[in-house]
Amino acid sequence: MKKDALLKCIAETGYNVGFGGRKHWATYDIVDKVPGLIGFFSTAMGVFALVYDSLSA
């Protein structure tokens, strides 16, 4: 294997590892935070329904 081909292979592997790591952590953050946001918004809607009669109908 020539030096240029080896460097290209190393660069591609490094890019793929970095891209996969960022993609994994982004998915983890979404899965981790979305249930909390849903709970917060449903609690906020419940409080607003207590205040405004039109929302509780």
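The model is predicted. Helix 1 spans residues 3-51. A kink of about 30° lies at Lys33 in this helix. Three aromatic pairs occur in the structure, and a nonpolar patch on the surface takes in Val51 of helix 1.

- Helix 1 counts 49 residues.
- From first C-alpha to last, helix 1 reaches 71 Å, close to the 72 Å expected at 1.5 Å a residue.
- The kink at Lys33 comes shortly before a proline, Pro35.

**Aromatic pairing**

- One of the three aromatic pairs joins Tyr15 and Phe19, and this pair is stacked.
- The ring centres of Tyr15 and Phe19 are 6.2 Å apart, with 15° between the planes.
- The pair counts as stacked because planes under 30 degrees apart meet that cut-off.
- Tyr15 and Phe19 are four residues apart in helix 1, a separation of about one helical turn.
- An α-helix has 3.6 residues a turn, so residues three or four places apart point the same way.
- Tyr15 is exposed, at 54% relative accessible area.
- Phe19 is partly exposed, at 43%.

**Nonpolar surface patch**

- Six residues make up the patch: Met45, Val47, Phe48, Leu50, Val51 and Tyr52.
- Val51 has a relative accessible area of 54%, so it is classed as exposed, the cut-off being over 50%.

**Other positions and their exposure**

- Lys2 sits in the segment before helix 1.
- Lys2 is exposed, with a relative accessible area of 67%.
- Leu6 belongs to helix 1 and is partly exposed, at 41% relative accessible area.

**C-alpha distances**

- Lys2 and Pro35 are 33 residues apart in sequence, and their C-alpha atoms are 51 Å apart in space.
- Pro35 is also the proline that follows shortly after the kink at Lys33.
- Leu6 and Ala26 are 20 residues apart along the chain, with 30 Å between their C-alpha atoms.
- Gly39 and Tyr52 are 13 residues apart along the chain, and their C-alpha atoms are separated by 20 Å.

Technical notes:
Residues numbered from 1 in each chain as written. Predicted model: local features only at pLDDT ≥ 70, side-chain atom pairs only at ≥ 80, totals over all residues. Heavy atoms only, no water. Phe/Tyr/Trp six-rings, centres within 6.5 Å; stacked < 30°, edge-to-face > 60°. Helix = DSSP H or I, 4+ residues; strand = E, 2+ residues; numbered from the N terminus. Buried < 20%, exposed > 50% of the residue type's maximum accessible area, 1.4 Å probe, protein only. Patch = residues over 30% accessible without salt bridge, like charges linked within 9 Å, V, L, I, M, F, W, Y side chains within 5 Å. Areas by Shrake-Rupley, 256 points an atom, 1.4 Å probe, with all protein chains shown as cover. Salt bridge = Lys/Arg side-chain N within 4 Å of Asp/Glu carboxyl O. Expected span 1.5 Å × (residues − 1). Bend = angle between axes of the 7 residues up to and from the residue.
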